[in-house]
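Visitor: Could you walk me through this structure, one feature after another? I would like to learn how each one is read.

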Amino acid sequence: MSKAKSFTLGGKALPLDMDSMLGEADSAPLSLAEGAIAFDFGFRFIRFVGKIEEIGGSARLKLVGDLGPMPFSAESTSARGGLLRIVDAGNAVLGAGTFRVTQGRILLGHDLALPMPVTAVGLVSEVSCFLVPALPYMELIALYIRPPLAPARVGESAVRPEWRRSPRAC
């Protein structure tokens, strides 16, 4: 059984399990010969899933993060409207399709080109270059809904209390 390694940068642990991705040598290129490399990591209480594939001599990373549920209008019309405006604004700045609402979930994702040969430095750099410009939109979304991995009580709504529709008085 291999030992888990932690990779820190400036006193902060990065959200990637470098041991499972790299094996023995940190600077060695990742081997895509056996097919795709899949991984996941948590960042700001959001789970991101990545898949690296070699296509025609170049490497592509498909990265998707689940930012949380899109509230139903009955739950909170104002939260739903605000979140849709954030998604639209994020797509206008970061590119169409960066933010999507699919099956009632708000997703952040993109298909990124990775420099060949694929190394940990190249991978972390590309992921960082994608996520850093999206941070303000992620923070705005978190004002309306609790990120999926954030601590919560069992059965608690993901919609923040100040945005929930209050029950009608009898």
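Guide: Let us begin with contacts: two residues are in contact when heavy atoms lie within 4.5 Å. Among contacts in this protein between residues at least 6 apart in sequence, 54% join residues at least 24 apart. The model is a predicted one, where local features need pLDDT of at least 70, side-chain atom pairs count only at pLDDT 80 or more, and totals for chains, interfaces and linings use all residues. Residues are numbered from 1 along each chain as its sequence is written, and side-chain values use heavy atoms, with hydrogens and water left out.

Visitor: How many helices and strands does the protein have?

Guide: Elements are DSSP runs numbered from the N terminus: helices are H or I with at least four residues, strands are E with at least two. Here there are 3 helices and 7 strands. Read from the N terminus, their order is β-β-α-β-β-β-α-β-β-α.

Visitor: In what order do strands form the open sheet?

Guide: Two strands pair if DSSP finds at least two bridges between them. In this protein 5 strands form an open sheet in the order S3-S4-S5-S7-S6, with antiparallel pairing. S3 and S6 (99-102) stand at the edges with a single partner strand each, so one side of each has no neighbour in the sheet. For angles, axes are lines fitted to C-alpha atoms, for helices over the stretch in contact, and values run from 0 to 180 degrees between N-to-C directions. Neighbouring strands of the sheet are turned by 25° against each other on average, direction ignored.

Visitor: Which strands does each helix touch when packing on the sheet?

Guide: Helix H2 (residues 77-94) touches S6 and S7 (105-114), and its direction makes about 140° with that of S6. H3 touches S3, S4, S5, S6 and S7, and the direction of H3 makes about 155° with that of S7.

Visitor: And how should I follow the hairpins?

Guide: Follow the bridges towards the turn. S3 (residues 37-43) and S4 (residues 46-55) pair in the antiparallel sense over 7 bridges. Ile37 stands opposite Ile52 in S4, and Phe43 faces Ile46 of that strand. This hairpin has 2 residues between the strands, and Arg44 takes a positive phi near 55°. Next, S4 and S5 (residues 58-69) pair over 8 bridges, again in the antiparallel sense. Ile55 has Ser58 in S5 as its bridge partner. The hairpin of S4 and S5 also has 2 residues between its strands, and Gly56 in the turn has a positive phi of about 60°.

Visitor: Which residues line the largest cavity?

Guide: On a 1 Å grid over the protein atoms alone, a cavity is a set of points where a 1.4 Å probe fits but cannot get out, and lining residues have an atom within 4 Å of a point. Grid points are joined across faces, edges and corners, and the volume is the space filled by probe spheres set on the points. The count is 1 cavity of 30 Å³ or more, and the largest holds about 40 Å³. Its lining is Ile46, Leu67, Met138, Ile141, Ala142, Ile145 and Pro147. H3 (residues 120-144) gives the largest share, 3 residues.

Visitor: Is Pro136 buried, exposed or partly exposed?

Guide: Buried means under 20% relative accessible area, exposed over 50%, and partly exposed in between (1.4 Å probe, protein chains only). Pro136, found in H3, counts as partly exposed because its relative accessibility is 44%. Across the protein, buried residues make up 34% of the 170 residues.

Methods
On a 1 Å grid over the protein atoms alone, a cavity is a set of points where a 1.4 Å probe fits but cannot get out, and a pocket is an open set with protein on both sides within 12 Å along at least five of seven lines; lining residues have an atom within 4 Å of a point.
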